[in-house]
Amino acid sequence: MIGILFAVLGGVALWFATSSGLWILGFFSISLLWLAVRGRGVAVGFGLGWLWGIAFFLPLVRWAAVSTGLVAAQVALAAVEGLYLGVVGAMWALLAKEERLARPWLRALAAAAVFLAVEQIRGMWPYGGLPWGTLAFTFTNSPLVNYAPYGSTALVGAVAVVVGVIAAMLLRMSYLQAATSAVVVLALVIAPVVFPVGARSSGSLNVAVVQGNVPPAGTDNRALVVTENHVRATRELVESAETTPDLILWPESSSDRDIRADDAAGSLVFDMVADLGIPLVMGTQEYVEGGRYNDVLVISPDGIVGRYSKQHPVPFGEYIPHRELIRSFTDVVDQVATDMLAGTGEARVNVPSLGVKVAVPICFEVAYTQIVAEAVRGSHLLVIPTNNASFGTSDLSAQQFAMTTFRAVETGRTAIQVSTSGITGVADPRGVVYETDLFTRDARVVKVALHEQTTFATRTAEQRAILVFVLGALGAILAIGMSRQGRS
């Protein structure tokens with residue numbers, strides 16, 4: 001019974017730490033998972049880990065119920081994502097099985113290796129995975145985020161797990177072990193405060209960041225009204241701003257009508273750009289036979305000069321895998337009427353008139369470390385175009401902006417999240433510059449730094465992914481070996 005209590009409290013604590021900014025509860029959550037599975041068998045460890053995962057993910061992904069209108073979608077997503085934490089619980093049960101504590105730091109490192117490897121698998125499989133809820137994002141507002149330029153989410157998450165597991169072991173250590181471990185743990189948490197983050201900028205840009213807002217559901221020609229809102233907000237901003245912007249940023253789906261094929265939407269956008277003489281980066285859709293593409297376009301007074309199509313559509317949200325099979329059980333799949341197709345190429349566009357390259361991972365792609373790293377290499381600025389209107393007032397936008405803020409530190413770039421309805425905001429390697437409220441109109445000109453240098457984490461994303469799997473396998477082998485040694 002105590003194991004169940006610890007598992008539930010641990011998962012809820014991690015959700016609260018993520019949603020409230022009280023990141024210190026993240027360590028407490030890890031400690032509770034370790035204590036829940038200590039002395040348990042593998043099967044019970046799996047069950048408790050799964051319960052810990054469900055308790056974390058169920059409130060975290062409330063937005064799934066808001067966007068679909070189905071609580072079942074929220075429950076199913078939480079249950080599936082929680083399964084991965086069940087694997088962690090099973091392996092940790094092996095690591096924590098001995099009653100007599102030995103080699104605590106080796107166990108903690110193995111626990112971190114296993115956790116990160118499973119988390120990485122969760123972010124890759126199935127259907128490309130879903131790294132939403134990655135542990136490192138909980139610590140965006142903590143000193144640990146300063147590890148990000150050196151090891152991204154893997155290093156931040158590893159430190160968090162090690163600190164939490166060691167904290168759970170302290171009461172079973174000798175006085176000398178406990179004192180030494182406490183000092184090292186404090187150093188791991190506090191030392192990053194003095195780490196250098198960011199680099200000297202290579203220039204600056206005056207950027208108009210526009211959140212045009214969306215009309216109420218049921219509004220006639222709603223998609224066109226969204227575009228009209230962004231045009232109106234942009235024109236008013238440029239007319240009234242003390243500084244003329246060099247570049248205008250609009251969000252994902254600022255025109256759900258394809259401006260290349262729809263005369264009404266196209267004339268609104270192209271006429272505005274021609275009148276203002278300022279390049280625009282915006283989101284639109286392209287409908288083709290068999291599906292649609294989610295595009296970011298660069299539009300200059302001469303026309304379209306750049307394009308990126310989202311490479312990682314969200315399964316069951318933007319496209320339905322096995323549509324015909326699932327329809328035989330429920331017609332809910334028809335809420336996604338047209339499947340989104342995957343684009344190719346790196347998430348980056350060029351603004352030729354400014355000589356600036358902009359990384360533009362779209363919406364959920366901000367959660368994928370490799371997509372962001374590939375896009376940032378060779379770019380000067382990181383922009384996350386997103387459309388969160390269908391998620392209502394849920395925490396999704398705030399969760400996403402925490403990821404954007406984390407990526408700013410990790411990549412050493414100014415990061416701009418631009419949304420139709422919020423949260424829109426700017427973060428740099430030193431923290432948040434500003435953020436908007438939900439469902440408000442906001443347009444402002446912001447002077448942002450441009451950067452060319454890349455961080456170690458950005459340069460080594462692919463190698464680090466391999467290393468995480470290697471260390472995870474070694475952690476699992478160590479867990480099995482320690483368990484057998486304990487039985488002997």
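In the predicted model, the charged end of Arg307 is placed over the ring of Tyr293, at 5.8 Å from the ring centre, a charge being taken to sit over a ring if NZ of Lys or CZ of Arg is within 6 Å of the ring centre and within 35 degrees of the ring normal. The charged end of Arg444 likewise sits over the ring of Tyr434, 3.8 Å from its centre. Residues are numbered from 1 along each chain as its sequence is written, and side-chain values use heavy atoms, with hydrogens and water left out. Because this is a predicted model, local features need pLDDT of at least 70 and side-chain atom pairs count only at pLDDT 80 or more, whereas totals for chains, interfaces and linings use all residues.

The chain contains 15 helices and 12 strands, defined as DSSP runs numbered from the N terminus, with helices (H or I) of at least four residues and strands (E) of at least two. For 488 residues, a compact globule would have a radius of gyration near 23 Å, and the value of 23 Å for the chain agrees with this; the radius is taken over C-alpha atoms, and the globule rule is 2.2 Å times the number of residues to the power 0.38. The C-alpha trace spans about 80 × 55 × 35 Å along its principal axes. Of the 488 residues, 55% count as buried, where buried means under 20% relative accessible area, exposed over 50% and partly exposed in between (1.4 Å probe, protein chains only).

The UniProt record, an unreviewed entry, assigns a CN hydrolase domain to residues 205-450; its positions are given in the numbering used here, feature names are shortened, and annotations may be inferred rather than shown by experiment. In the model, this span is 25% helix and 30% strand, and its end C-alpha atoms lie 7 Å apart. The transmembrane regions listed in UniProt (unreviewed entry) include residues 42-65 and 178-199. Residues 42-65 are 96% helix and 0% strand, with end C-alpha atoms 32 Å apart, while residues 178-199 are 59% helix and 0% strand, with end C-alpha atoms 38 Å apart.

Helix 2 (residues 24-37) is mostly covered, 10 of its 14 residues being buried, among them Phe27, Ile30 and Trp34. The buried residues of this helix pack against helix 1 (2-20), helix 3 (42-60), helix 5 (71-95), helix 6 (104-122), helix 7 and helix 8, with contact meaning heavy atoms within 4.5 Å. Just after helix 2, Gly39 takes a positive phi of about 80°.

Across the whole structure, 16 aromatic pairs were found, rings of Phe, Tyr and Trp (its six-membered ring) being paired if their centres lie within 6.5 Å, with planes under 30 degrees apart counted as stacked, over 60 as edge-to-face and the rest as tilted. Phe56 and Phe57 form a tilted pair, 4.8 Å centre to centre and with 50° between the planes; Phe56 is buried at 2% relative accessible area, and Phe57 is buried at 1%. The ring centres of Tyr150 and Phe195 are 6.0 Å apart and their planes lie at 85°, so this pair is edge-to-face. Because Tyr150 belongs to helix 7 (residues 148-169) and Phe195 to the loop between helix 8 (175-190) and strand 1 (203-211), the pair ties together parts that are 45 residues apart in sequence. Tyr150 is partly exposed, at 35%, and Phe195 is partly exposed, at 27%. One aromatic cluster is formed by Trp63, Trp132, Phe364 and Phe391.
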